[in-house]
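Hello,

Here is the structure for you to look at. My notes on the salt bridges and a pocket follow below.

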Amino acid sequence: MSEHTVTRSDLTCTTSRAARELELRRGEFELAMHLGRIRTVPDEGGGGRRVPYAEIERLRSAPDHPEGLRQSLSVVGTSAGAGLLEVPATRFTRFARVGLVTPVRFYLNRYRAVVWLYLADELRQFAAEPCNASLLKGRMLPDSLRGRIQAGVDLRPRNWRGRHVGFLLRQAEDPWRQAGVFAALLGPGDPVELVPDPYERAHLNRFRPSLPAHGTPGSPAARVAERIMRADEPDEVAWLRAELIAAVEAARLERPAPRPTPRRTAAPAPPPASAAAEPGPGRGDHPGPKPLPGRGDEVAQSPLQAPARARGGLLGRLRRGRARIRRGERPPRRA
């Protein structure tokens, strides 16, 4: 039995299998992962998150399982949340807009209106705090809260984003994944400006988590959801940009982004020895005339050159003799 337990603790299963064993619906299981109620590990094969069997056994060993876990994951809307706090729905909405209560989930109804959901346990804890009694029972809200409400402040999208960032960072064991979390909530132009290196930016996009989908991409509902999931307030954008720069610097030191290996060009082969010793004429060069052999040059004469040279010598002597006769000179005698 102990051997079976040790072997089982080293195994993991898919999230769908874990949800069935824990008797949770899919939405409840996903919310439990987001809140950190269920520990998951990355799949070594890149197939998503997996749940260790040891974690399933830990949750199933609770005396009130599965009702206790289900109750802690119960979510309510505005009307039900106002009922838990025993305040009108309008006052509950004001509480949420100024950030006194934080939504944990949202969806778009058929009219593309945003419906915010809150954890019932958190609302009960808010109502049980003695410091909140004046907010719940008083006829008027404090001046500071009324001023923010009159200014049109709505912190529900920002508080949801902050909660979602915490969930994504809990699942990001890799430093590049942590940087991708901050890049996911910024606009598409921010990573281009903050991470100018194209190889680092491409590596960052590989670990950029996908945000929850709401409707068909490009549809009006998807555009409304995208506005909620993207940071839009200046101080929030500045914080995310600073965190992205710091995370990329840390990731660069721990494991630099891969870069393509430069190709090595082969060195040109040396010319043959005969070609190097006797270079041919270059482009546009023409071989010049060969010099005539002088006296003592060991150059073989062709049969046509010898008679021509002999004739040239006889004619030269005749011309020189005639010139002497015209001058009255006596030709030299032959020995």
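**Salt bridges**

Arginine 124 and aspartate 121 join their side chains in a salt bridge (2.9 Å, N to O). A salt bridge here is a side-chain nitrogen of Lys or Arg within 4 Å of a carboxyl oxygen of Asp or Glu. Both residues sit in helix 8 (residues 120–128), 3 residues apart, about one turn of the helix. Helices are DSSP runs (H or I, at least four residues), as are strands (E, at least two), numbered from the N terminus.

Keep in mind that this is a predicted model: local features need pLDDT of at least 70, side-chain atom pairs count only at pLDDT 80 or more, and totals for chains, interfaces and linings use all residues. Residues are numbered from 1 along each chain as its sequence is written, and side-chain values use heavy atoms, with hydrogens and water left out.

By this rule there are 24 salt bridges. Arginine 39 is in the loop between helix 3 and strand 2 (41–42) and glutamate 55 is in helix 4 (residues 53–60), so the pair ties together parts 16 residues apart in sequence. Glutamate 55 is buried, at 6% relative accessibility. Arginine 39 is partly exposed, at 43%. Buried means under 20% relative accessible area, exposed over 50%, partly exposed in between (1.4 Å probe, protein chains only).

**The largest pocket**

Its lining has 17 nonpolar, 9 polar and 12 charged residues. Ala, Val, Leu, Ile, Met, Phe, Trp, Tyr, Cys and Pro count as nonpolar, Asp, Glu, Lys and Arg as charged, and the others, Gly among them, as polar.

Best wishes
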